[in-house]
Structure formats: structure tokens, C-alpha cells
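Please open the model in a viewer and keep the selection panel at hand.

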Amino acid sequence: MDRELTPSESLRIIETMIGQAKSSFSRMSTYFLLWGVLLIAAMITTYMMRDSGGAWGQGAAWGVVGVIGGIASWIIGASQSKKEPVNNPMDRIVGWVWGSFIITMLLMIFCFGASHRDPGAAIALLTALPTFLTGQIMRFKPLIFGGLLFWVAGVIMFFSGNAAVITATYCIAMLFGYIVPGYLLKRQEDGLRTA
Amino acid sequence: MAFAPLDPVLHNQLRLAIVSLLVGLDSADFNFLLEKTGATRGNLSVQITKLKEAGYLTVKKTFKDNYPNTSCSLSAKGLKAFEAYVKAIKEYLGTGEG
């Protein structure tokens, strides 16, 4: 370890170690899997109960999964932050991207709700942004593709007046935009931990 | 042409690896550095101490899940030294290195 380094050896060490540090993102797959499943469940519940006239048909499922997902995410985040071996500046940026998304989404739900309009298509379009950015920051193509898919889904949902089409479009976007990338990301994260 | 002398604190395989890892991070735990550098605990601990004594690293000792945890981050002095080291290395390589 203490022998004299040549300049090219030094450069190789620097490049290798910087590369290793760059790939040290916190685990994020759990959030995509959790929210993907919860939001599909909420969408299907709302569709199935749409003619019931009760609170579930009015979208109460979104509120329920929002609370469940929010609490679960908070617990997972608190637990993971204690275990993470590094503080990566990119994690902080990704965190702020999703934080901004949540604030904007809640404000949109409030504004759309107050004007008795369905926020679904607008939220799908908005979801594209953090998903796409996270994919780009992490250089993880399935999430980049997921972001693009949410943009397409948002446009389809906006122009479609058919509840079945809107539900199917949203669920497909969630499946391939959140759950599949989340699963692939989990495999990658597990691989890195055991490598 | 005279070359800039290489910083003896950084011109060491393990110390350079530690600083290179930390340059892109806010902070990293001892075990992370251990895993990425492949060093032994003893050697890593010695080299971290040398970097700390040179003022290149800030070392925080805390508890994580009830276990002692050492967290390291690069200081402003360490970053400046690393940048000067990289510049010097590039100068050496720019003229052909034997």
C-alpha cells in the first residue's frame, strides 16, 4: 500500500473511486413498488365503485392510500436513513425533486377539487416529471421510460372521456412506470449490496 | 519545465482512494470506505487518522442503531489539496510518464 504510485496509477485510483461513489445511491425501489401497488389499487377501487354513489366512488380510496403510503414511506425513509452508509448529494437532489412533486400534487388536488374537476390526467402528467428526472439523475433507463410513459398516459387520460380507458391507461402507466422499474431497481440494489 | 511536487499526504494508494471516494459525497461511513477500498480495518483507520491530522478530513464518531459509527467527510482544505494533486498529476501525464 505504501509503495510509490506512478501518475497514471494515481489517475486510475481517482477515476475508479469517483465512479464507485457516484453509483452509491440510496435504496429507492421500495417507494416505487409501494406507491405503484397502492395507486393501482386506488384507481381500480374508484373505477369499481364509481356507480355506488358512496365515498369510495367519489375517490375516497385516493385519500386512504395517500395516508397509508405517506406513513409507510415516512417509516421506510426514517429506517433507511439510519442505515445508509453514505450521504450522496444526488440523493438530496432526488429527494427535493419528489418533495416538490408532492407539494405541487397536493395543491393541484386541492385546486381541482375546489373547482369540481378530475385531477387524474394532470397528476399523471405531473408524475412524469420526477420519474423522468430520477431516471436521468440515476442513469436508470426503466425510470426514464416510465417518465415518458406517464406523459403519454396523461395526454390519453386528458382527451378520453371513457372511465374504463382512463383506468386502464393509468394502471398500465403505473405498472410500467413504477412497478417494473421499481422491481428492476430492487434487483440492481440487491446486486450491489451482495457484490 | 519544473513539475509541481506531489502532495505526500495524498500520494499514497489508500489515502488517495479515500479522498477520491469522498470528493463526490457529503459523507461516508467507515464501513463504506472499507468495502470500496478493500483495505484492512487497521490500515484504513491509520490512513484516516493521517488525513485527519493533515486537516483533509472531518471525522465524526456517533452511534448508529446502537453501534459506534465513524463518518468521514472531505474538508475544504482536503478538497483544495485534491484539486491541486489532480492538476499536478495531469501535468506529469501531459509530458509522458515513465
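**Between the two chains**

Begin by displaying chain A and chain B together: about 2,600 Å² is buried between them, and carbon and sulfur atoms give 61% of that area. The model is a predicted one. Select the contacting residues next; 29 residues of chain B meet 26 residues of chain A. Within chain B, highlight His11(B), Gln13(B) and Asp26(B), which lose the most area to chain A and together account for 21% of what that side buries.

Polar contacts between chain B and chain A amount to seven residue pairs, both residues of each pair being at pLDDT 80 or more. Now colour chain B by secondary structure: α1, β1 (27-29), α2, α3 and α4 of chain B are the elements that give two or more residues to the side touching chain A.

**The largest nonpolar core**

Next, select Ile18(B), Leu33(B), Leu44(B), Ile48(B) and Leu57(B). Of the 37 residues in the largest nonpolar core, these touch the most other members. Elements that each supply at least two residues of this core are α1 (7-22) of chain A and, from chain B, α1 (13-22), α2 (30-37), α3 (41-53), β2 (57-64), β3 (67-74) and α4 (76-94). The largest share, seven residues, comes from α1(B).

Centre the view on Leu44(B). Beyond its neighbours within four places in sequence, Leu44(B) is in contact with Leu14(B), Ile18(B), Phe30(B), Leu33(B), Leu34(B), Thr37(B) and Ala39(B). For a second, separate core, of 35 residues, move to chain A and select Ala61(A), Met105(A), Ala121(A) and Ala173(A), which are among its members.

**A helix of chain A**

Remaining in chain A, select α2, residues 29-48. This helix has 20 residues and reaches 29 Å from its first C-alpha to its last, close to the 28 Å expected at 1.5 Å a residue. Then show the side chains of its buried residues: Ser29(A), Phe32(A), Gly36(A), Leu38(A), Leu39(A), Ile40(A), Ala42(A), Met43(A) and Thr46(A).

**A loop residue of chain B**

Finally, return to chain B and select Ser75(B), in the loop between β3 and α4. Is Ser75(B) buried or exposed? Its relative accessible area is 13%, so Ser75(B) counts as buried. Residues up to four places away in sequence aside, Ser75(B) touches Gly55(B), Tyr56(B), Leu57(B) and Thr58(B).

Definitions and conventions:
Residues numbered from 1 in each chain as written. Chains lettered and ligands numbered in written order. Predicted model: local features only at pLDDT ≥ 70, side-chain atom pairs only at ≥ 80, totals over all residues. Heavy atoms only, no water. Core = buried A, V, L, I, M, F, W, Y, C linked by side-chain atoms within 4.5 Å. Buried < 20%, exposed > 50% of the residue type's maximum accessible area, 1.4 Å probe, protein only. Helix = DSSP H or I, 4+ residues; strand = E, 2+ residues; numbered from the N terminus. Contact = heavy atoms within 4.5 Å. Expected span 1.5 Å × (residues − 1). Buried area = accessible area lost by both parts, 1.4 Å probe. Polar contact = N/O pair within 3.5 Å; in protein donor to acceptor, adjacent residues only side chain to side chain.
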